[in-house]
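Subject: Structure handover and notes

Hello,

Here is the structure for your files. Please open it alongside this message, as the notes refer to residues by number.

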Amino acid sequence: MKIKTSVFVKSSATNEQCPKPDRPEYAFIGRSNVGKSSLINALTERRDLAKTSSKPGKTQVINHFLINDMWYLVDLPGYGYAKVSQTDRKAWGEMITNYLFKRENLVCTFVLIDSRIEPQKVDLEFMEKLGSNGVPFALIFTKTDKLTATQLQTQLTNYKKTLLETWDELPLTFVTSSVSKQGRLDVLKQIEEWNQLKK
């Protein structure tokens, strides 16, 4: 898939405010500071499509981007650490949950995982929540350029072993780097295949 156009459509504070669900949609989410905005920019080959920040919690709404006038890429707020009030954090949680569970044109949710760290409880619980509610998801390991090939393989093996303690089978997995663009075409190819099935 070649990205010809990538256009910001709107930011929404609730699922009801999101654009009309008339195209296939793919959501990207992960813990704060996992490299989500950088990955979105790498996928679309746009330096500033999604706003990047060294400060966790930058994304606070549901952001829709229209890709090739055919499908939506959705940037969701991160979960986990962010210097916000408990009230704001609860509101974010409700907003994300309502979107993920009720968005009828959502094809897949890409859950981003920092490849450098051990499996985190918050990530595992989030995946469990998706699975138990029948929300299709795939894993994207980020920041792989910061590891050697051996370190990366060890991390991936350990992560998959942890998942198999509670899951019968592993979700679809992608290994990416926003710096080297590793995995970019793999993710886009998969989205293209799903889009073809939706026609």
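Predicted model: local features only at pLDDT ≥ 70, side-chain atom pairs only at ≥ 80, totals over all residues.

Residues are numbered from 1 along each chain as its sequence is written, and side-chain values use heavy atoms, with hydrogens and water left out.

Overall

The protein chain has five helices and seven strands, taken as DSSP runs numbered from the N terminus (helices H or I, at least four residues; strands E, at least two). Their order along the sequence is β-β-α-β-β-α-β-α-β-α-β-α. The chain has 199 residues, of which 48% are buried (under 20% relative accessible area; exposed is over 50%, partly exposed in between; 1.4 Å probe, protein chains only). Of the contacts (heavy atoms within 4.5 Å) between residues at least 6 apart in sequence, 75% join residues at least 24 apart.

Aromatic cluster

Rings of Phe, Tyr and Trp (its six-membered ring) pair if their centres lie within 6.5 Å; planes under 30 degrees apart count as stacked, over 60 as edge-to-face and the rest as tilted. The count by this rule is nine aromatic pairs. In one of them, Y26 and F110, the ring centres are 6.5 Å apart and the planes are at 35 degrees, so the pair is tilted. Y26 belongs to strand 2 (residues 25-30) and F110 to strand 5 (residues 106-114), 84 residues apart. Y26 has a relative accessible area of 0%, and for F110 the value is 0%.

Y26 also pairs with W194, and this pair is stacked, at 6.0 Å centre to centre with 15 degrees between the planes. W194 lies in helix 5 (residues 184-198), so its pair with Y26 in strand 2 ties together parts 168 residues apart in sequence. Ring pairs join Y26, F28, W71, F110, F174 and W194 into a cluster.

Helix 5

W194 is one of the buried residues of helix 5, with R184, V187, L188, Q190, I191 and N195. Viewed down the helix axis, the buried residues fall within an arc of 160 degrees, so they line one face of helix 5; the arc is that of the directions from the axis to the C-beta atoms. L185, K189 and L197, on the other side, are exposed. The buried residues of helix 5 pack against several elements, including helix 1 (36-44), strand 4 (71-75) and strand 6 (137-142).

Regards
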